[in-house]
Amino acid sequence: MEPFVKLEGVVAPLDAVNVDTDMIIPAVYLKSIERTGFGQYLFDRYRYNDDRSENPDFLLNQDAYRNAKILVSGPNFGCGSSREHAPWALEDYGIRCIIAPSFADIFFNNCFKNGVLPLILPEADVRRIMDKAKDNAGFQITVDLEGKQVRDGDEEIVVDFEVDEFRRYCLLNGLDDIGLTLQHEDAIAAFEAR
Amino acid sequence: MAARTMFEKIWDAHVVHEEPGQPSLIYIDLHLVHEVTSPQAFDGLRMAGRQVRRPDLTVATADHNTPTWELTRPIEDQISKAQLDALDRNAAEFNLPFYYDRFSENQGIVHVIGPDLGYTLPGKTVVCGDSHTSTHGALGCFAVGIGTSEVEHVLATQTLRQFKPRTMEVRVDGDLPNGVTAKDIILGIIGHMGVNGGTGHVIEYTGEAIRNLSMDGRMTVCNMSIEGGARAGMIAPDDTTFEYVRTRPYAPKGAELEARIEEWRALPTDSGATYDRTIVINAADLAPFVTWGTKPDMVAQITDRVPDPASFETTAEREAAERALEYMGLEPNQRIEDIRIDRVFLGACTNARIDDLRAAANVIRGRQVSSDVYAMVVPGSARVKAQAEAEGLDQVFKDAGFDWRVAGCSMCLGMNPDILDPGQRCASTSNRNFEGRQGRGGRTHLVSPEMAAAAAIAGHFVDVRDF
């Protein structure tokens, strides 16, 4: 897993509540047995028209946001299915951080397994970032996981944040969970022997 | 020992390792696997040279991609076929003894076969790469949906890293009114608490209305826990549970079973134990529900009208309601009973068990599906299908004009050929009414099997209590 230390990039403002994983990637694209290549289907139903041409109204089809690395959205982002294809699609597209006031549990957890940071900020801070991203095409911020701070270039927005220390440690170091768990092989075997 | 909730008892009994500030390492008693969320996990094992630690605790089946047409007809979608073939290969390569492929008599939706075959038992920890794993909690176990990375983790280690969730009691007091079902209980609960009301929590459903449900009904309730944002849902095991387990083919038998039942009697939450939150619902306030929007909490009673977005308090709610009505092609204040439908889907891990099929059959017996409607029944498993056929239910459905299909997830999520056309409106017994869930542009209304059956006959939603 690629470590996540500090990310600087364009913010795409997806101003909606309860963005579900069927919106992020519809089930019809979950048939691949690969782990990569899902970025082309990110937000498929909104990004493309019925004839597969780009929908110019959709955020990520606008030049200002096409290369976004950070998505800012409303509460309960990632609700619905457990499909890890959702963070895979985001990561494959190039989005490695989603900022929202809250996340659905399984999506939240899945992100950390893939070097993607689901960052919870207070609603008012999310709104400020959302509004700036809407009003200033190409608006960029830095998400500094090491320093636990989000800031823009002018430092008009400077927000300190908290992330669970264990998850932060794993992201910063790009650690694979299975390797960590297998350090407790003896404890697992002892449990099984009970 | 201090009084504990059922969840805490199960959790405590499965902790392998704990360290301050870290997620706990929890032992997993049952790992259910299907073809969609597992291929990348098996690839991960292969790349790292790892084995499946406990094939004997792993049960796999093919359900999401499987067509529901007759088994003799080949799969036409080659990408779907490749995913099903991958599970065949992985089950063989990793020596999974309990793999039920498309042709097996034990095949079916993973959340239907786990309990039905007797793999899901009280007190267990159960995981599956699928959010509706919460279904299994109906037997009094801790059952949680996981992502593919975690599927790989469980395959390799038979454990899961989990921060301990908080607990929440949802108590449904009193007897259910006539015509109100388990589906209406859970739609009512989600309507009450919202799609993120349960985030971070394990819900334990309690109260008279829950106790009086059959096992199939309890599974319907627990199934949609995730639709309220909860990590899991669970119901204390009781004699209803034990009688159910007694007749399951792969459950323990004889003296072993009786000994286990004695252990399971200690699982229910101790008196004096506290939950982090409690919600109380009066069963008398529940009615047959129909969702009108694109999230499961956008729900109205059958006798109600589609809400006016202007009636919502916050801007975000208003905008979400406006968007939902536009997508659904509905007008504010339209009577729910006046909504005409094109399709009926009776199926999915929410409502495709034998009780569901019996209840729907009772509504349609001797009646005809509206000429404007195409209606299909997709039993939850090959065993449910065989049972229904033994009872003659298939004939009841066919006589009424329903299409009688082969088991699978089917049009719940449309990974197989069963999808809505753009703009088509469906009365569905599934669990998600998200935009495009049943096919691009498709419009889904979630209802109980009885309400779906009645709508099929009438051609529009209708109050099953007067039907």
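This is a predicted model: local features need pLDDT of at least 70, side-chain atom pairs count only at pLDDT 80 or more; totals for chains, interfaces and linings use all residues.

Residues are numbered from 1 along each chain as its sequence is written, chains are lettered from A in the order in which they are written, and side-chain values use heavy atoms, without hydrogens and water.

**Exercise 1.** Find the strands that pair with β1(A).

Solution. Start with strand β5 (residues 140-144) of chain A: its pairing with β1(A) is antiparallel, over five bridges. Here Val10(A) is opposite Gln140(A). Next comes strand β2 (residues 70-73) of chain A, which pairs with β1(A) in the parallel sense over four bridges. There Leu14(A) faces Ser73(A). (Strands are DSSP runs of E, at least two residues, numbered from the N terminus; pairing needs at least two DSSP bridges.)

**Exercise 2.** Explain why β1(A) is largely enclosed.

Solution. Count the buried residues (under 20% relative accessible area, 1.4 Å probe, protein chains only). In β1(A), residues 6-14, seven of the nine are buried, so the rest of the structure largely encloses this strand.

**Exercise 3.** Which residues have the most contacts inside the largest nonpolar core?

Solution. Such a core joins buried Ala, Val, Leu, Ile, Met, Phe, Trp, Tyr and Cys residues through side-chain atoms within 4.5 Å. The largest has 114 residues, and Phe43(A), Phe397(B) and Phe402(B) have the most contacts inside it. Its largest share, seven residues, comes from helix α15 (residues 449-458) of chain B.

Key
Buried means under 20% relative accessible area, exposed over 50%, partly exposed in between (1.4 Å probe, protein chains only).
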